Amino acid sequence: MISFFSRQWQDWVHRRIPRADTRRFNQKNIFILPTGAGVVFGVLLVVMLLTAINYQNSLIYLTTFLLGTVFVGAIHQTHQNLSGLVLTLVQAGEGFVGEGIAFRLRAAAGKRGAVAIRLSCPGAAEVCFHVVPGQSEDVTLAVRGQARGYLRPERIRVETRFPFGLLKAWSWIRPLSSAVCYPRPRPAPEALATGEDGDDPQLVRDRQGTEQAELRPWREGDLSARVLWKRVARDGQMVVADWRGGAGQPDRLDFDAFPGVDHERRLSYLSALVLARASQGVPFGLNLPGERIEPDLGAVHVRRCLRALAVWRCDEPA
Amino acid sequence: MSRRDDRQRGRQPSRLPSQGLLWLMAAFIVLLLPQWDRLPAWLIAVCLVLAGWRWRAQRGRVRLPGRLPRMGIMALLIAVYIASVSGRFTVDTAASFFVLAVGLKWLETRNHRDFYVLFFILAYLASVNFLFRQEILWALVNFLALGLLLVALQVVNAPDLPDGLASGWRRLGGLFLKGLPFVILVFVFFPRMGPLWTVPLVSGHARSGLSDTLRPGDISHLAQSSERVFRVTFGGAVPAYRDRYWRGLVLDYLDGETWRQTGGAPVEPLARVATDGGVGPLAATEYEVLLEPTDRRWAFALAGSEAASGNLFEVEEDLFRFPRPADSPVRYRLRLTGLPKVPGTPLDATQRHRYLQLPEQGNPRARALAASLAGRLADTDVVAELLTRFRQQPYFYTLRPPAMPENGVDALLFDQRRGFCAHYAGATTFVLRAAGIPARIVMGYQGGEAGVDDEYLIVRQYDAHAWVEAWLDGRGWVRVDPTAAIAPARIESGLRDAVAEEGSFLESNPFSPQRYRDIALLQWASLQLDRINYQWQRWVVGYQGQSQMDLMSRLPGGLGLRELGYLTAGGVGVGLLALGLVSYVRSPREARRDGHRRLLEAWQALCRRAGVEVRPGDTPDDLAKRLARTRPEAGDTARRFARMINSHYYNPSAPASSSDLRRMRRTLSIIRRQLRGHRTGTGNAP
């Protein structure tokens with residue numbers, strides 16, 4: 001019964017607040033209710049009124065009415081505090097499962113400004129900020145990635161209890177854009193294709209990687225990561241380690257290298273391997289069923305690989 | 001919660017913003033002010049120490065006590081409190097318990113929840129304070145405290161807001177000003193129903209004032225107080241000073257040296273608070289008394305009055321009583337019947353016995369004097385002779401009477417001859433009774449100085465007086481005031497003149513403005529303040545059931561309580577509706593005000609209708625390009641429109657003008673026409 005009503009309510013809210021990366025808060029989408037403290041405040045007013053009646057004390061009547069008016073004014077002020085605020089999802093970040101993934105939002109205040117606005121979302125630490133009238137403020141909400149793939153919060157709650165904390169006005173922004181959540185890296189077992197000879201596979205590959213590299217002079221377009229900077233320091237020659245001429249595919253991380261292992265787990269292994277390669281600064285490629293990424297180096301490449309792992313066989317939410 | 005855990009939290013009590021805590025403490029201290037004289041000193045000291053402790057902990061200087069020490073402190077203080085209260089339950093004790101609770105709460109004010117608990121207790125304390133004091137200045141103090149509380153809430157809800165304090169006060173001020181008309185309307189129209197049930201007395205402590213026993217010298221300490229007892233407004237002429245005898249109670253039983261009431265005061269169940277003090281203009285024979293709280297049921301009245309308002313009734317001995325002790329200011333009305341009551345029947349045996357009662361022994365010389373007087377003179381002449389004796393022999397009226405511990409009447413009449421009104425009234429009653437004339441002591445006030453513009457009289461504690469009433473056959477009870485014979489100035493113009501030579505007027509009360517009558521400015525200020533308070537008391541504090549009905553009956557339509565209820569409910573409803581409407585109307589208008597923004601939206605809508613996808617973040621140029629691709633015929637105009645929009649938003653040197661806006665609007669309608677023309681064109685094509 002309760003779940004039925006709560007689903008009805010959710011549906012209603014979702015109809016009212018469609019997905020969008022920008023939301024302007026106004027009468028149509030702000031909800032307002034007293035907080036716990038507000039309810040107690042109401043009880044206090046009733047007790048005060050009873051005291052006034054039984055003691056026939058005009059000044060207590062006056063105090064009751066004053067505080068009652070403050071409460072009514074607070075309804076207005078709390079609502080106004082949120083009303084006119086425009087919240088835009090500027091950037092949905094990327095990160096690993098289990099990490100906080102940054103959603104960068106820009107809050108632009110209307111004419112009145114917005115004080116003590118709280119952003120919250122399941123799996124994210126609450127963020128509180130103020131915006132000066134007519135200005136904007138960038139805030140980052142770190143949402144914990146729960147599973148590999150696209151991460152799009154169902155809704156981010158925007159709440160304010162200012163000025164007195166007796167009322168809460170809230171609304172939601174339901175972002176359209178998604179963040180990307182990379183598979184959680186897990187140390188890969190030694191079953192990786194290249195690690196046959198029993199030695200530490202990392203070491204072996206390192207050696208191989210360097211040995212198979214062909215050294216050639218630097219030419220325009222080479223990645224700076226490939227320049228042998230030690231050599232430059234030694235004799236001033238810009239020399240680039242080039243693997244393209246190397247034997248076959250020096251280091252191609254392969255989805256099929258872990259037979260019998262669960263797909264998600266394979267992706268986690270690959271994720272760890274990508275990170276290891278990235279930290280060693282060796283080139284690598286990635287083979288996924290349906291997607292091949294040629295060996296390369298650099299942050300952009302690493303990100304591309306991790307993204308590929310993250311969204312492999314995931315559809316971007318509509 | 002484990003102890004370790006607790007101690008860790010004790011180490012970091014600064015989760016609450018210091019500013020908020022500071023303002024809450026300030027509110028607490030301000031709220032203690034109106035109670036400074038009724039709270040036990042130890043309680044105030046303890047509260048200040050505990051609040052100081054919390055503050056030092058906030059600054060990281062000390063640690064808050066752990067759970068066990070805290071429990072210890074709590075148990076100790078509550079035990080002390082219970083011992084000091086000793087079973088009485090009044091609002092006074094409840095208020096001091098509130099104060100104690102706040103004091104203890106300081107030690108565990110750790111999070112927002114605690115903060116709100118304190119806020120609620122303090123807000124209620126502010127209204128409890130109104131039970132004790134209703135003067136306008138104290139009301140302002142209380143409202144200031146409420147303001148501090150509300151600012152503290154704002155600080156706690158936005159601790160890191162720059163300039164939060166100033167904006168907090170500003171916001172509160174705005175809220176107050178906007179809400180004030182609403183508050184006034186509700187205050188005037190909210191139906192003042194009668195009390196729903198009886199409530200405990202505000203205070204169980206005896207206030208300074210007359211008491212129901214009289215020892216010689218008792219009243220002289222009241223003479224050192226300039227506190228106001230009541231104010232009187234007369235509908236007709238104000239009686240002469242010497243006729244202003246305000247009768248309060250009668251003492252008729254002499255117990256050793258002490259005068260008491262026969263049988264003592266009866267214990268009666270507490271009645272509900274009644275404020276029916278009469279309404280409408282005063283008739284010429286009526287007068288209205290506004291009595292400060294006395295915690296007694298006595299109403300002070302001139303001789304020969306009858307009750308004219310519903311909140312007091314007449315009892316025997318021509319006195320008036322309230323159904324409930326006056327624990328808050330009471331307004332009541334009386335009517336002068338013109339003539340003192342002449343009794344139809346003589347005193348019966350019981351009454352004679354009662355008013356002739358004397359102790360078996362003591363004061364032999366006074367008894368001898370009485371016997372000699374009674375032997376040669378009739379009752380009326382005995383009284384006259386006694387007064388002549390007081391007038392002619394060197395008796396002195398003094399605020400510094402000598403101690404007369406034994407046979408006080410003899411000592412006063414024959415040896416010392418120095419005393420205050422209580423001495424002389426006691427001695428006179430003694431002699432009259434010894435002479436066989438029924439007599440009794442009346443206690444009350446005599447006199448009253450005029451307020452600003454002679455609007456009303458102010459009677460103060462130093463006007464306290466005791467005099468005698470003697471029963472003379474055929475005349476009934478007759479007032480006999482020995483003080484009038486000894487110090488006529490006391491009765492003609494008041495205590496100040498009566499003790500002017502002695503210089504003892506208010507000598508132990510150097511802060512009373514009444515003491516410095518010769519400083520005109522001070523006197524003027526004091527009277528002006530009194531008038532403001534009087535009006536405040538009458539129109540705001542005293543605005544209760546009957547006076548509301550009175551006001552309403554002057555409005556057309558004749559509103560009853562029920563109509564008032566509907567009116568208030570309707571008013572509140574309409575007010576809320578208006579508020580909602582205002583905010584509803586205001587918000588879209590704000591969006592509308594920006595004409596360019598509206599144009600932009602219309603432009604986006606137009607593109608959407610033409611089948612161009614509009615994504616957030618698209619610039620007008622992007623849209624124009626895409627529109628030109630799908631609908632080439634509108635491309636040029638679209639690009640022109642995009643240029644205009646861009647120059648408005650991104651070229652600050654271009655002045656924003658309405659002609660500029662009009663041009664853009666025209667361009668937009670051209671695009672619209674072009675698009676429509678194309679559509680109809682394709683529609684007509686085979």
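Q: How many residues of chain A are in contact with chain B?
A: In this predicted model, 42 residues of chain A are in contact with 45 residues of chain B. Contact here is a distance criterion, with C-beta atoms placed from the backbone and lying within 7 Å.

Q: Which elements give two or more residues to the side of chain A that touches chain B?
A: They are helix H2 (36-55), helix H3 (58-82) and strand E6 (114-120) of chain A. H3(A) gives the most, with 16 residues.

Q: What is the make-up of that side of chain A by class?
A: It has 20 nonpolar, 19 polar and three charged residues.

Q: At what angle do helix H2 and helix H7 of chain B pack?
A: Angles over 145 degrees count as roughly antiparallel. Helix H2 (residues 18-32) and helix H7 (residues 136-157) of chain B pack at about 165 degrees, with axes 8 Å apart, which makes H2(B) roughly antiparallel to H7(B). H2(B) passes H7(B) in a left-handed crossing.

Q: Which residues meet where H2(B) packs on H7(B)?
A: From H2(B), the residues include B:Trp23, B:Leu24 and B:Val30; from H7(B), they include B:Leu144, B:Leu148 and B:Val155. By class, this contact has 15 nonpolar, two polar and no charged residues.

Q: Where in chain B does UniProt list the Transglutaminase-like domain?
A: An unreviewed UniProt entry lists "domain: Transglutaminase-like" for residues 413-484 of chain B. Over residues 413-484 the chain is 29% helix and 42% strand, and the end C-alpha atoms are 16 Å apart.

Terms used
Residues numbered from 1 in each chain as written. Chains lettered and ligands numbered in written order. Predicted model: local features only at pLDDT ≥ 70, side-chain atom pairs only at ≥ 80, totals over all residues. UniProt positions renumbered as here; feature names shortened; annotations may be inferred. Helix = DSSP H or I, 4+ residues; strand = E, 2+ residues; numbered from the N terminus. Axes fitted to C-alpha atoms, helices over the stretch in contact; angles between N-to-C directions. Parallel < 35°, antiparallel > 145°, perpendicular 65-115°, else oblique. Left-handed = near helix turned anticlockwise from the far one by under 90°. Contact = placed C-beta atoms within 7 Å. Nonpolar A, V, L, I, M, F, W, Y, C, P; charged D, E, K, R; others polar.
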